[in-house]
Amino acid sequence: MPVRRSLAVTATALLAVTLAAAPADAANPIITSIYTADPAPLVVGNTMYIHAGRDEAPAGTNNFVMREWHVLSSTDAQTWTDNGARANIGTFAWAGADAWAGEVEPRNGKYYWYTSVNGNGPGWMNIGVAVGDSPLGPFTDAKGGPLISDSTPNSSGLNIDPTVFVDDDGQAYLYWGGYWAPRAVKLAANMIDTVGDVITPQGLTNFWEAPWMFKRNNLYYLMYAANDTNGCVTDSNYACQRYATATSPLGPWTQRGIVLGQVSSTTNHAGIVEFNGQSYLVYHTADAPGGGNFRRSVAVDKLYFNSDGTIQRVVPTTGGGTGSGTNLAASATASTSYVSSWESLAALNNGGAPANSADRSHLAYGNWPEQGTQWVEYTWPTAQSINRSSVYWFDDDQGIDLPASCRLQYWNGTTYVDVLNASTCGVNGNVDNVITFNTVSTTRLRLQVTAKSGYSTGILEWKALRS
């Protein structure tokens, strides 16, 4: 079943949205000619669209400069086209600044773009809605004023980041909010008026901003940015993406876990969509050349659901886009021959992105004072197909040093055997040491690590990857 926003379009409609811009090669970030942020994916026929804001802040500027929204598109989730600005602040005569996060929702043959924008009237951020005949527009103001503003009864602490969902019965719902204040309301069939009271959804633990709603297998999901340090981020100036589920579109919600951990930008804004039978997480980082917290760029990675409906945590990839693979370690149980009492086994698969081999900011696994050969292991409840692995070694310049050698093995149902046709198990510092091998289907993967004489070994992150 499609996650959300998968619908048919006619050949005539597709011709009406012919793409003219030059494509960009697959990689994360997917577009580097400009900075793009706050992505919202949408599938129409055989095309995935991403509606995103544009970061225009000059280097060294510590504030958002955002005046227009772009549409990115792809027919394979690998090669992406920037179709240029399809809406801007001028789309709304009542607005004056801040083209922040938005999302497009199809309904009745139209495409409604809900956006965060600073109005010229009292208050700060409002939510407006524009309408177009295709995912590429052109878009015009559908209402002539804000849909949500500070004057809306029970509005959020900051009225930003709208997500809209149309249920199977045709009822549409709007979620939005910032400053720890999620809000929700029903939308009228015309998609530009609200129905009933604005409610405060219950159960969205540690909500900060950036909600994203969808439905899968009759279960409602709400993903959102959180900034707690309870397993989410190491610094509350950053954010992760948590998610909650409910059996009703207005909740109450139950927090389920983390979809995406801390990324290189302080903000963390994401969407989930199914495209050609594969689910994807679309988000932004500061990984583009010259990037930063106000010069962000959109990235796309594959996402997987477990059989019970829970979401496997996504580890961001760079340089290889969706082809870099899915990190299966996030759903594994880690074990080891030995871990020091002051170090952490959780460091192996907590999604950390070390800056160097001495970086303890995402925890570290170490086995001092043990020497010789030690092992770490991942176990899954069901067999996983794995064909690559990578290790980021820990080196504290004291009793823990880079290893002398390593060896990757898998459980064949009876015993541990070496993976076949493996590349070198690298032991270099300050990099991900990638190991490729023939695909194995296994419930256990073991990394044997042999220390240099007189030293112990450690790991900052160990990935088990499926291309």
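A residue counts as buried when its relative accessible area is under 20%, and as exposed when that area is over 50%. The exercises below apply this and related criteria to a predicted model.

**Exercise 1. Classify the ring pair formed by W69 and F92, and state whether each residue is buried or exposed.**

Solution. 
Step 1. A pair of aromatic rings is described by the distance of the centres and the angle of the planes.
Step 2. Rings pair if their centres lie within 6.5 Å, and planes over 60 degrees apart count as edge-to-face. The count by this rule comes to 20 aromatic pairs.
Step 3. For W69 and F92 the centres are 6.3 Å apart and the planes stand at 85°, so this pair is edge-to-face.
Step 4. The two residues come from distant parts of the chain, 23 residues apart: W69 belongs to strand β5 (residues 68-74), while F92 lies in the loop between β6 (80-88) and β7 (95-97).
Step 5. The relative accessible area of W69 is 1%, so W69 is buried. F92 also has 1% relative accessibility and therefore counts as buried.
Step 6. W69 and F92 belong to one aromatic cluster, together with W94, W113 and F139.

**Exercise 2. Determine which class of aromatic pair F214 and Y221 form.**

Solution. 
Step 1. Planes under 30 degrees apart count as stacked.
Step 2. The ring centres of F214 and Y221 are 4.8 Å apart with 5° between the planes, and the pair is stacked.
Step 3. Both F214 and Y221 are buried.

**Exercise 3. Identify the rings over which R444 and R446 lie.**

Solution. 
Step 1. R444 is placed over the face of W411, at 4.1 Å from the ring centre.
Step 2. For R446, the charged end sits over the ring of Y416, and its distance from the centre of that ring is 4.2 Å.

**Exercise 4. Describe the surroundings of H284: where is it placed, is it buried or exposed, and which polar contact joins its side chain to another side chain?**

Solution. 
Step 1. H284 is found in strand β21 (residues 278-285).
Step 2. Its relative accessibility is 0%, so H284 counts as buried.
Step 3. The side chain of H284 is joined to that of T267 by a polar contact of 2.9 Å.
Step 4. A polar atom of the H284 side chain also lies 3.0 Å from the backbone nitrogen of D38.

**Exercise 5. State how many cavities of 30 Å³ or more the structure holds, and describe the lining of the largest cavity.**

Solution. 
Step 1. There is one cavity of 30 Å³ or more. The largest cavity contains about 40 Å³ of space.
Step 2. Its lining consists of P39, A40, A101, G102, E103, D161, P162, P211, W212 and H269.
Step 3. At least two lining residues come from each of β3 (35-44), β8 (102-107) and β16 (207-216).
Step 4. By class, the lining of the largest cavity has six nonpolar, two polar and two charged residues.

Terms used: Residues are numbered from 1 along each chain as its sequence is written. This is a predicted model: local features need pLDDT of at least 70, side-chain atom pairs count only at pLDDT 80 or more; totals for chains, interfaces and linings use all residues. Side-chain values use heavy atoms; hydrogens and water are left out. Rings of Phe, Tyr and Trp (its six-membered ring) pair if their centres lie within 6.5 Å; planes under 30 degrees apart count as stacked, over 60 as edge-to-face and the rest as tilted. Helices (H or I, at least four residues) and strands (E, at least two) are DSSP runs, numbered from the N terminus. Buried means under 20% relative accessible area, exposed over 50%, partly exposed in between (1.4 Å probe, protein chains only). A charge sits over a ring if NZ of Lys or CZ of Arg is within 6 Å of the ring centre and within 35 degrees of the ring normal. A polar contact is a pair of N or O atoms within 3.5 Å; within protein, one must be able to donate a hydrogen and the other to accept it, and residues adjacent in sequence count only if both atoms are side-chain atoms. On a 1 Å grid over the protein atoms alone, a cavity is a set of points where a 1.4 Å probe fits but cannot get out, and a pocket is an open set with protein on both sides within 12 Å along at least five of seven lines; lining residues have an atom within 4 Å of a point. Grid points are joined across faces, edges and corners, and a volume is the space filled by probe spheres set on the points. Ala, Val, Leu, Ile, Met, Phe, Trp, Tyr, Cys and Pro count as nonpolar, Asp, Glu, Lys and Arg as charged, and the others, Gly among them, as polar.
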